[in-house]
Amino acid sequence: MFLNFIKIVFKSIIKQRKFLAANLAGLSAGLAVFFLTSIYIFDELNYDKYHNGAQNIYRIVNVYDKNGAGERSSCCPFPIVGALKRENPDLISNSTRFFNFWMPHVVIKYNNKTFNEKRFFWVDASVFSVFNCSFLKGNPKTALTRAGTVVITKSMAEKYFSSNEEVIGQTIFFQAKIPLEITGIIEDTPSRSHFKVDFLASMPTVHHILGDYNKYWVWNPCWSYVRLAPGKTEADLKYALNKLVRYNYKDELKNNVSFYPQKITDIHLHSKLEYEIEPNSSISNIYILLGIAIFMLIIVLINFVNLSTANSQYRTKETVLKKVLGTTRLELVLQYL
């Protein structure tokens, strides 16, 4: 019986090949659009979740509001993470800052060649304890503890150096004049990250350029991240940030300045702040795409069923004849399926 069903299927395909091709083409195109859109949505919803314990990593956001005017900034003053750790030693396990002198690109010089680079950041040595960075060469614990050091990505190592050249220990020049010794090579930043990096230079170097930057509480040029200690919550961090404002700002500013934590996993789709490291997407876009994908799926399924139903009249004679010859209802159902 099964072999007979197979023979009938192939005969039907040959007999109605034009109808079948049109029907399957519509269904396949609709399903392809639905699945590709679903993959994109899944990718967008999983930004920054690749970090270990991503639910405990927060970015500190700075809000200045005076009579309805001001800014909602993704950046913070230099001293904020240090003050948090100092005044709340049990709250934060690690923290780091990203700083780029607010330059859209910098000049990197090596071997009498210069390059314009966009993803150059000065960071604290603890950056590798806050974020996942796979080291290919170098020691993450000591790579950025000294001034004048830098860690580069694999793609930058391939760009600047030949395959048989030892990269560790080489010197590149920031803005073609500040020497930086390469102390590590890391994997490129995953695509599901709200920021991408090519160079991570040691924050102590900035001290030699700007002086004691930790005294500036009004200037907010740093993207600041913290990893909460086990057992601590977002509410604990909010309370600690409120205390910082009371203790470190003058009375005339206390009512205008505030800080609040933002989950790192919320940044890509839910953050609408000024001075983001990179442009973010929006959760509204995800809802729109999801609606389009579901609508497309419903339409192609309805279309497929309608065409199949319309075509079923051509097999009425076959069905009647099989019933006369003694074919059961179950056998007919199995055949059509």
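This is a predicted model: local features need pLDDT of at least 70, side-chain atom pairs count only at pLDDT 80 or more; totals for chains, interfaces and linings use all residues.
Start with the chain as a whole. Along the principal axes, the C-alpha atoms fill a box of roughly 95 × 55 × 35 Å. Buried residues account for 41% of the 337 residues. As for contacts between residues at least 6 apart in sequence, 75% of them join residues at least 24 apart.

Next, the nonpolar interior. In soluble globular proteins, nonpolar side chains tend to be buried together. Here the largest nonpolar core holds 26 residues, and those with the most contacts inside it are Phe-120, Trp-122, Ile-152, Ile-172 and Phe-199. Elements that each supply at least two residues of this core include β4 (106–110), β6 (120–123), β8 (149–153), α5 (154–160) and β9 (171–174). Strand β10 gives the most, with 4 residues. Apart from this core lies another, of 21 residues, with Val-123, Val-127, Leu-144 and Ile-277 among them.

Helix α7 is worth a look of its own. It runs over residues 234–248, and at 1.5 Å a residue its 15 residues should span 21 Å; the end C-alpha atoms are 21 Å apart, which agrees. Its buried residues are Leu-237, Ala-240, Leu-241, Lys-243, Leu-244 and Val-245. These pack against β1 (57–66), α3 (80–87), β12 (223–228), α8 (251–254) and β13 (257–263). Within α7, Leu-237 has 0% relative accessibility and therefore counts as buried, the cut-off being under 20%. Setting aside residues up to four places away in sequence, Leu-237 touches Tyr-58, Ile-60, Leu-84, Leu-91, Val-226, Leu-228 and Pro-261. Take Tyr-58: this residue is 179 residues from Leu-237 along the chain, yet their C-alpha atoms are separated by 9.3 Å. Further along, Arg-246 lies over the face of Tyr-247, at 5.8 Å from the ring centre.

Aromatic rings turn up in pairs too, with a count of 29 aromatic pairs. One of them is Phe-98 with Phe-131, 6.0 Å centre to centre and with 70° between the planes, which makes the pair edge-to-face. This pair links distant parts of the chain: Phe-98 sits in strand β3 (residues 92–99), while Phe-131 is 33 residues away in the loop between α4 (127–130) and β7 (135–137).

Finally, a bit of backbone geometry. Most residues other than glycine have a negative phi. Trp-102 is not a glycine, but has a positive phi of about 55°. This tryptophan, Trp-102, is in the loop between β3 and β4 and is partly exposed, with a relative accessible area of 40%. Gln-175 has a positive phi of about 55° as well, again without being a glycine. Gln-175 belongs to the loop between β9 and β10, and its 27% relative accessibility puts it in the partly exposed class.

Terms used: Residues are numbered from 1 along each chain as its sequence is written. Side-chain values use heavy atoms; hydrogens and water are left out. Rings of Phe, Tyr and Trp (its six-membered ring) pair if their centres lie within 6.5 Å; planes under 30 degrees apart count as stacked, over 60 as edge-to-face and the rest as tilted. A charge sits over a ring if NZ of Lys or CZ of Arg is within 6 Å of the ring centre and within 35 degrees of the ring normal. The expected span of a helix is 1.5 Å times one less than its number of residues. Buried means under 20% relative accessible area, exposed over 50%, partly exposed in between (1.4 Å probe, protein chains only). Contact means heavy atoms within 4.5 Å. A nonpolar core is a set of buried Ala, Val, Leu, Ile, Met, Phe, Trp, Tyr and Cys residues joined through side-chain atoms within 4.5 Å.
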